[in-house]
Amino acid sequence: MPLLDVAGLRVAFGDHEVVHGISLRIRPGECVAIVGESGSGKSVTARALLGMAGAGARTRSDRLRVLGRELGSASERTWRDVRGRQVGLILQDALVSLDPLRPIGREIDDPLRIHERMPPAARRARVLGLLARVGMPDPEFAAGRRSGELSGGLRQRALIASALALDPPLVIADEPTTALDVSVQARILSLLDEIREAGTGILLISHDLAVVSRLADRILVTRHGEVIEDGTADDVLRSPREPYTRALIAAVPTERPRGTALAVATSAPAAIPGPPPTGVPIATGSDAPERPPLLRFDRVAKGFSVPGGRLLAVDDVSLALRPGETLGLVGESGSGKTTVARLALGLTAPDSGVVLLDGEAWSSRPERERRPMRRRIGAIYQDALSSFDPRWSVGRILADAASVGARGTGRPAPRVEDLLDQVGLVASVARRRPLNLSGGQRQRVAIARALAAEPDVLICDEPVSALDVTIQAQILDLLDRLQRRRGLAMLFISHDLGVVRHMSDHVAVMRAGRIVESGGTEAVFAEPRHPYTAQLVADAPRLTP
Amino acid sequence: MLAAGAVFVMWAVATLTFFAIRLIPGDPAEAILGGPGSQASQEALDQVRRDYGLDQPLLVQYLAMLARLVTGDLGTSYALRTPVADLLGGQLGGTMLLAVLALLVAWILALGLSLWSTGRARVAAAVGEGIELTAAALPHFWLAAVLIAIFSTGLDWFPPIATGTPAGLVLPVATLAIPLAGFLAQVMRESLLDALQQPFVVSARARGENTTGLRLRHTIRHASLPAISLSGWALGWLLSGAVVVETIFAMPGLGRTLLQAVTLRDVPVVTGVVLLVALVYVVMTVVTDVASRLADPRLRQEGAR
């Protein structure tokens, strides 16, 4: 008997149907993955399977059986009995998915308290046992901590423990490792794998094919609320039938060398036609490396005061970024990558060492002298939306950046239409506001704004981390193209090894404020010398079924 | 840092009161001798001016007052000839009881109202919002009059003036609590709705938590946070409101003392009351700060990141 047996599941909000008849089955010890981009209806599907599709949602189905019990028209009371006892839910980002005001021990205890009549001492023992089972060091101590007091990996383990509290036969994991560092992600994935080995059925929801390929036995690819491909993981990953699936697979940047286009087709709203991607080389880049560096860090250190001492966010870092070249900076969260970006932008001053821009003093100048030079460095960030004034139109944002950039140079400011054209947007976007644009369009506008001042150096801090994989591919291709056309020097910061590997000529691996390894991209990734780099490479999820 | 801020606030309040009270027309020496109607002789007035230092330049009087305050001496009431500290000490208890009870009742009403009106049909939300807005807009003097008309004159449930019994406290407390409850409920409902949107609510429901459990164990704490920070301000606001309420219900207390002192131009008493209210504000700010940290562990470790 399957744990979950769903046929023709439809979810509508008012007259707007967002899930159009999805069917799936999960057997004990099996992991079924639903893959799709944002807006494909995968999260709504997951919630509907717990009877909580949301306020105003109408759920219909031909069959909705959990452990053989039909729940298609179950009351809220029946659903409450199912939730936590028969089906557990693991969400993304335990910082907000666990109540930040309550100790995790109490959150894990909740299902026991709600569903079982157990004496408090027995529940306490069970909670500690669960924490130990998910690999929490010192469960006794951890049970009293709140989600904000634990690291990202540990709190995700606590969240998993709360879903597993009553050993539900089925667990729904909705983007369980999104926003985690690769090494943490790898450990969480093996934890989920252990749970599956123990006989629990898992429904895995993810946008990340590489993650899915680690766990899934079956893969369902969804698009616009419909399943467009359904097969074993091997079949779907090795011989995808649908062009959309092929585009998804091609867009994963891991292992694709620099200079290969990722996006198969940039504008195909319904179906992406054409043969499977073969990896089209754009051009062979790599200018002569002997040219003097545009941006140079010379033994830079920067610390911050924390209770009980001083934290060296950047510790004795030396970097050189040459024209037309991309320097990738990888490292986990908290390794000091963003502090490097802020130092490069002259937003914060180093404690010791110097940052030089085109051979001239940069970090050591007073801001008044630095301001006229600022147009030479542009920047784009992960969250493009919050970097715009929401009341300004795109046209005004770009015109403003262009006029500031052109001030004092004697050149005419570039036209808004030209800027939009360079980043692949139509001129009519100028009249819209950032809030009304998609994530990919916003990041394109952010790039156009960074280019408006015609900089020599572009600092990219996690520029594609918040984007769907196909959009990510388009943005990476765009950055690559612009760099070639303009000879930009790029400092490309990311936690995603695949993305950095695809984009960079040289890489520097950062850990706890120090550069532990640097060199040519392929050399570093193919034969890492530092054990930390080797671990990062080993942990990075790969598309190998 | 906090102590320096508190000292600054107290100094500013003392200074402002000192100069503001000079703006009340009339002769302070006359006030000391029983007001304009007392027909005091010129000699008596001169004598009083010398005794109280009123013949000195304003700046000297100001510095003398500061010097007294620093030593903790609030001076002697012009009208009652008793030390201000004793006078206020006797009145503080009643007013604080009134204010604290009003704050408590306001909290209970606000919590009840906001919990009832969120997560329900749109009608309930609209009704709740309407009640909050109306309550928050009610002026004390009007509300007191209406409550007296209904509950004393009409139904004869509670006495219209404070009798010193618990029953006598009901209407004054209600008068102070209702507008505050409306205001607090608005703040709580906002944060309650905000909390209901959070992913941890989805997690909790997915464990089988029912609506009541969700409120009691999760959202109510989140909803309380901003209301806790507002409570320090609210208590100060209640002390000001006590001026009106104590007068209407003929209750002994700080508010009525203040009103009388202003009419009689009793400078030391006015200064004393104002300083005391300022002190309550300062102390409550510290107390709510501590309470917020207790309710929200994230504040305790903020510096640690």
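What pattern does chain B follow, read along the sequence?

A: First, the ground rules. This is a predicted model, in which local features need pLDDT of at least 70 and side-chain atom pairs count only at pLDDT 80 or more, while totals for chains, interfaces and linings use all residues. Residues are numbered from 1 along each chain as its sequence is written, and chains are lettered from A and ligands numbered from 1 in the order in which they are written.

Now your pattern: along its sequence, chain B goes α-α-α-α-α-α-α-α-α-α-α-α-α. In other words, its secondary structure is 13 helices and zero strands (helices, H or I, have at least four residues and strands, E, at least two; both are DSSP runs numbered from the N terminus). Its C-alpha atoms fill a box of roughly 85 × 60 × 30 Å along the principal axes. Of the 305 residues of chain B, 35% count as buried (20 or more other C-beta atoms within 10 Å of the residue's own; exposed is 12 or fewer, and partly exposed lies in between, with C-beta atoms placed from the backbone). Among contacts in chain B with a separation of 6 or more, 70% link residues 24 or more positions apart (contact: C-beta atoms, placed from the backbone, within 7 Å).

There is also a record to go with this. UniProt, in an unreviewed entry, lists "transmembrane region" for residues 6-24, 92-116, 137-155, 167-188, 225-249 and 269-291 of chain B (positions follow the numbering used here, feature names are shortened, and annotations may be inferred rather than shown by experiment). Residues 92-116 of chain B are 100% helix and 0% strand, with the end C-alpha atoms 36 Å apart. Residues 167-188 of chain B are likewise 100% helix and 0% strand, and there the end C-alpha atoms are 30 Å apart.

Next, the contact with chain A. Here 21 residues of chain B are in contact with 25 residues of chain A. On the chain B side, the elements giving two or more residues are helix H9 (199-206), helix H10 (211-248) and helix H13 (297-300) of chain B. H9(B) provides the largest share, seven residues. By class, that side of chain B has seven nonpolar, eight polar and six charged residues (Ala, Val, Leu, Ile, Met, Phe, Trp, Tyr, Cys and Pro are nonpolar, Asp, Glu, Lys and Arg charged, and the others, Gly among them, polar).

A second open sheet in chain A has four strands in the order S13-S12-S15-S16, with antiparallel pairing. Its edge strands are strand S13 (309-321) and strand S16 (360-361) of chain A, each pairing on one side only. Nine bridges join strand S12 (residues 295-306) of chain A to S13(A), and A:Leu295 has A:Leu321 as its bridge partner in S13(A).

Finally, a well-covered helix: in helix H11 (residues 243-251) of chain A, seven of the nine residues are buried. The buried residues include A:Tyr244, A:Leu248 and A:Ile249. Their cover includes helix H9 (209-215), strand S10 (218-223), strand S11 (226-232), helix H10 (233-238) and helix H17 (469-486) of chain A.

Key. Contact = placed C-beta atoms within 7 Å. Pairing = 2+ DSSP bridges.
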